[in-house]
Protein chains: 2
Amino acid sequence: MSMNAARTLEDLGEDRLVALLTGTWAKTLKKGMLGVGDDCAVLPPLSGKNTRTLFKTDAVVEGVHFTRKDPPRLVGWKALARCVSDMAAMGGEPVSALITLGAPPSESVSRLSGIYRGIKKAADAFGIALVGGETTRCRELFISVALTGKVEAKNLVLRSGASFGDAIFVTGTLGGTLRGKHLRFTPRLDEARWLVHHCKPSAMMDVSDGLAKDLPRLCRVSGVGFYLDGNAVPVSRCCSIEQALCDGEDFELLFTVSEKKVSALVRCWPFKTRLSKIGRITVAGQGKPMSNQHGFDHFKRA
Amino acid sequence: MSMNAARTLEDLGEDRLVALLTGTWAKTLKKGMLGVGDDCAVLPPLSGKNTRTLFKTDAVVEGVHFTRKDPPRLVGWKALARCVSDMAAMGGEPVSALITLGAPPSESVSRLSGIYRGIKKAADAFGIALVGGETTRCRELFISVALTGKVEAKNLVLRSGASFGDAIFVTGTLGGTLRGKHLRFTPRLDEARWLVHHCKPSAMMDVSDGLAKDLPRLCRVSGVGFYLDGNAVPVSRCCSIEQALCDGEDFELLFTVSEKKVSALVRCWPFKTRLSKIGRITVAGQGKPMSNQHGFDHFKRA
């Protein structure tokens with residue numbers, strides 16, 4: 001049987017599947033990297049004395065993060081772009097990725113090829129070397145991504161640095177993930193890199209579980225409270241404020257900057273991406289915290 | 001409801017689950033590391049000029065790599081130890097791990113706690129910092145591990161270095177995985193580190209899909225053939241030679257060394273772990289290759 005005639009993984013087998021899915025990955029490797037084909041990937045020294053390595057993993061699962069009806073390329077894009085969004089939120093840049101695939105033997109090879117084309121597209125878009133991965137059988141389709149990255153030590157931004165009086169900002173608009181945004185978003189890598197160079201945030205994270213859940217998280221680890229101006233929250237078209245706060249999967253940057261930097265930030269912001277000042281940091285226990293039960297929880301009943 | 005009374009993930013919710021499962025991880029961190037709690041883990045410079053970074057991912061799935069009847073601690077041990085075995089096979093050592101959990105909302109919290117205790121035990125045994133991870137809903141339980149490691153550039157061993165005339169060795173005994181070996185194995189980290197320091201192999205890999213599949217893989221990327229002495233294959237107790245060749249999940253080291261190093265290797269080998277010379281490298285196309293269909297394939301019909 002020719003490879004093209006093979007319709008499912010069961011027909012193709014593991015070795016031919018890996019060859020098919022990862023055939024273009026060698027072109028993404030940078031100098032000194034060893035990719036697919038050995039027990040581990042090998043990377044050249046990732047970072048010098050003044051650089052830190054970032055390390056992130058994330059999985060998307062069919063029926064949770066995407067459906068059978070979603071275009072496979074967008075599913076692959078999303079799987080990798082989610083992790084890129086996390087690197088951006090630390091002020092850093094991605095370097096290399098490993099892709100783990102879990103799939104039932106009955107899964108269509110052409111669908112998986114589409115997903116992997118989406119992964120490759122994201123890798124090219126963000127300069128990521130695809131250095132290997134793993135395939136396994138699983139009744140439910142999942143793609144688990146492990147990503148390394150780097151950030152200059154002075155540009156590293158944590159969630160825990162927010163201080164009393166800081167202004168709270170968010171990029172883009174919130175809500176509307178269920179109408180397809182969660183598959184088509186662009187991680188705010190350029191915006192985050194600009195921020196750390198021009199107006200370093202005191203704290204930053206990406207909004208993945210909804211502002212209602214993620215802002216209290218940022219404040220908790222910073223040991224502060226917050227005041228949120230509901231009217232200033234940038235709501236996506238055709239969404240309610242509740243959807244903007246609770247949908248999740250916005251992949252926008254949520255960050256705080258000291259009040260004295262605010263006017264320069266707003267004046268110099270060079271992106272089309274919307275920038276909204278949505279509140280300010282208060283002392284812990286003050287302000288009017290939203291319930292953190294409102295955002296997305298993977299396990300709780302709705 | 002107190003945390004102890006919670007029986008399933010659905011009762012507990014994601015944030016409390018993460019707190020419960022990763023509560024002891026901070027103790028595993030080394031200087032300059034940032035673990036659970038931000039968008040990414042942060043690592044100090046992983047490697048200097050003469051060191052290479054290793055990067056590996058692997059997943060275990062219920063019903064494929066373990067069953068509901070297996071002791072949870074051993075499942076966790078296996079999940080991490082599999083990746084350690086891959087680092088050993090490159091001549092290197094593990095440094096830090098991220099753990100991604102996929103689980104149904106109905107999963108028992110105490111079972112997951114057991115699995116994470118097994119992960120922690122393996123992390124302690126092999127000096128691995130547990131720096132973060134992710135949880136997601138999935139109908140089938142899986143644990144996906146991403147592991148970084150390091151190896152001195154001069155000690156890096158690839159699969160592709162086997163040469164004509166080299167002797168082929170394997171550690172331990174092969175077969176018997178289905179009787180529990182796959183849950184209780186010790187990755188051959190000490191043996192591999194000794195080898196790269198005292199008798200550097202020309203090629204090395206770990207046996208994960210069975211010798212019948214893995215030896216042809218090593219030879220294919222080395223561009224060589226092999227002769228296998230069936231009588232010299234170390235067969236686990238109560239196993240047939242076929243089981244030894246095809247069961248998979250042995251997690252033993254398969255390596256080649258130049259013929260002139262063989263006698264010193266056998267004489268100086270300081271471990272109780274058995275060491276067997278099982279054949280030699282021939283020119284490509286020579287020897288009597290086993291069919292590579294015999295080993296374990298995740299997707300093919302049995």
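# Notebook: a predicted two-chain model

**Entry 1, A:Arg280.** I looked up A:Arg280 to begin with, and it counts as buried, with 20 C-beta neighbours inside 10 Å. The cut-offs I used are these: a residue is buried if 20 or more other C-beta atoms lie within 10 Å of its own, exposed if 12 or fewer, and partly exposed in between, with C-beta atoms placed from the backbone.

I note here that the model is predicted: local features need pLDDT of at least 70 and side-chain atom pairs count only at pLDDT 80 or more, while totals for chains, interfaces and linings use all residues. Residues are numbered from 1 along each chain as its sequence is written, and chains are lettered from A and ligands numbered from 1 in the order in which they are written.

A:Arg280 has its place in strand β10 of chain A. Helices (H or I, at least four residues) and strands (E, at least two) are DSSP runs, numbered from the N terminus. Leaving out residues up to four places away in sequence, I found that A:Arg280 touches A:Gly165, A:Asp166, A:Ala167, A:Ile168 and A:Tyr227. Contact is taken as C-beta atoms, placed from the backbone, within 7 Å. I also looked up A:Gly210: it is 70 residues from A:Arg280 in sequence, and the two are 18 Å apart in space, C-alpha to C-alpha.

**Entry 2, the partner of β10(A).** Strand β10 (residues 275-283) of chain A pairs with β8(A) in the antiparallel sense over five bridges. Pairing requires that DSSP finds at least two bridges between two strands. Within this pair, A:Phe226 stands opposite A:Ile281. Four of the five residues of β8(A) are buried, so this strand is largely enclosed by the rest of the structure.

Most residues other than glycine have a negative phi. A:Cys238 has a positive phi of about 65° although it is not a glycine. A:Cys238 lies in the loop between β8 (224-228) and α8 (241-246) of chain A. Is A:Cys238 buried or exposed? I found 9 other C-beta atoms within 10 Å, so A:Cys238 is exposed.

A:Glu249, also not a glycine, has a positive phi of about 55°. I found A:Glu249 in the loop between α8 and β9 (253-257) of chain A. A:Glu249 counts as buried, with 21 C-beta neighbours inside 10 Å.

Which strands form the open sheet, and in what order? I read the five strands as β1(A)-β2(B)-β5(B)-β3(B)-β4(B), with mixed pairing. β1 (41-43) of chain A and β4 of chain B stand at the edges, each with a single partner strand, so one side of each is left without a neighbour in the sheet.

β1(A) pairs with strand β2 (residues 51-61) of chain B in the antiparallel sense, over three bridges. A:Val42 has B:Leu54 as its bridge partner in β2(B), and A:Ala41 stands opposite B:Phe55.

Eleven of the eleven residues of strand β3 (residues 93-103) of chain B are buried, so the strand is largely enclosed by the rest of the structure. Nine bridges join β3(B) to the antiparallel strand β5 (residues 142-152) of chain B, where B:Ile143 is the bridge partner of B:Leu101. Eight bridges join β3(B) to strand β4 (residues 129-137) of chain B, and these two run parallel. In β4(B), B:Thr136 is the bridge partner of B:Gly102. From β3(B) the chain crosses through helix α4 (residues 109-126) of chain B to β4(B), a right-handed β-α-β crossover. Right-handed is used where, with the strands pointing away from the viewer, the path from the first strand over the helix to the second runs clockwise.

The contact takes 64 residues from chain B and 64 residues from chain A. On the chain B side, β2(B) gives the most, with ten residues.

Note on methods: Two residues are in contact if their C-beta atoms, placed from the backbone, lie within 7 Å.
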